[in-house]
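This report describes the strand pairing, helix packing and pocket lining of one protein model. Please keep the sequence and coordinates in view while reading.

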Amino acid sequence: MTFITLTDDRGGLSGFPVGFTPVGRDDLGDVLASDLEGRVWVFPHGAGDWTRKTPAFASVQDLARFVAFQAKLEIPASASLDALRSLKAEVEAFVKGLRQAPYAREAARECLASLREEIADKRFAGSRRGKSLAARQELGQRCDEALRAAGAPGQWIVRPHSERSQALVVMGPVSAEWNEQRLRAVLQPLLHDEHELLFFARP
């Protein structure tokens, strides 16, 4: 998302239309300006002139409210599932309180879409299936390291199978020397009895 900075600086605004007062700019360099009735419009930068504009906020006060809130539209990387749900509710409530604010609605739409994805990811990660996948991913990385330590030539990748919940896919330059039997001898000590190895040769 882009952040708005409140400013009345007219630098670089030669020919800006009469009847509009600059009140802010966003990270893209777009100018936000209020008209004689107090409504706020956004003028795209780089358009060649100032004839293009779209509604942004119903008032300068609404713009100021959004600027005070906009930092919350950045999702913390370490946020818990409960924190994400709380933030989602807060963003939804905030944007509902702004009338005729297309700029705020678009920013909130992007944030909420990301929040829904993050919430779904964390819910999956906390589920039995998600924990199983994470455990198999970690196991696959240990298998990668074991093959390198054993001197297996070339690039080997061991990853969870996309459909078989207990299977690991082993991909690499399978050869007469490094055949399935030898690969299993290296990897089997790392596995639990329920895990299955599926081998795919690749250059």
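Val158 stands opposite Val170 in S7. This is a predicted model, in which local features need pLDDT of at least 70 and side-chain atom pairs count only at pLDDT 80 or more, whereas totals for chains, interfaces and linings use all residues. Residues are numbered from 1 along each chain as its sequence is written, and side-chain values use heavy atoms, with hydrogens and water left out. Helices (H or I, at least four residues) and strands (E, at least two) are DSSP runs numbered from the N terminus, and two strands pair if DSSP finds at least two bridges between them.

S6 and S7 run antiparallel and are joined by four bridges. Strand S7 (residues 167-172) and strand S8 (residues 196-201) are parallel, with six bridges between them; here Val169 is placed opposite Leu198 of S8.

Axes are lines fitted to C-alpha atoms, for helices over the stretch in contact, and angles run from 0 to 180 degrees between N-to-C directions.

Contact means heavy atoms within 4.5 Å.

## The five-stranded sheet

A second sheet is open and antiparallel, with its five strands in the order S1-S2-S3-S4-S5. Its edges are strand S1 (4-6) and S5; each has a single partner strand, so one side of each lacks a neighbour in the sheet. The twist from one strand to the next averages 35°.

S1 and S2 are paired over three bridges in the antiparallel sense, and Thr5 has Arg25 in S2 as its bridge partner. Four bridges connect S2 to S3, also antiparallel, with Thr21 partnered by Ser34 of S3. These two strands form a hairpin with four residues between them, and Gly29 in the turn has a positive phi of about 90°. Strand S4 (residues 40-43) is joined to S5 by three bridges in an antiparallel arrangement, where Val40 stands opposite Phe57 of S5.

## Helices on the five-stranded sheet

H3 packs on the sheet, touching S1, S2, S3 and S5, and its direction makes about 80° with that of S5. Helix H1 (residues 60-69) lies across S1, strand S2 (21-26), strand S3 (31-34), S4 and S5, running at about 120° to S1.

## The largest pocket

The largest pocket holds about 230 Å³ of space. On a 1 Å grid over the protein atoms alone, a pocket is an open set of points where a 1.4 Å probe fits, with protein on both sides within 12 Å along at least five of seven lines, and lining residues have an atom within 4 Å of a point. Grid points are joined across faces, edges and corners, and the volume is the space filled by probe spheres set on the points.

Which residues are closest to the centre of the largest pocket? Of the 13 lining residues, these are Thr2, Asp26, Tyr103, Glu106 and Glu110. Strand S5 (54-57) and helix H3 (102-126) are the elements that give two or more residues to the lining, and H3 provides the largest share, five residues. The lining divides into seven nonpolar, two polar and four charged residues. Here Ala, Val, Leu, Ile, Met, Phe, Trp, Tyr, Cys and Pro count as nonpolar, Asp, Glu, Lys and Arg as charged, and the others, Gly among them, as polar.
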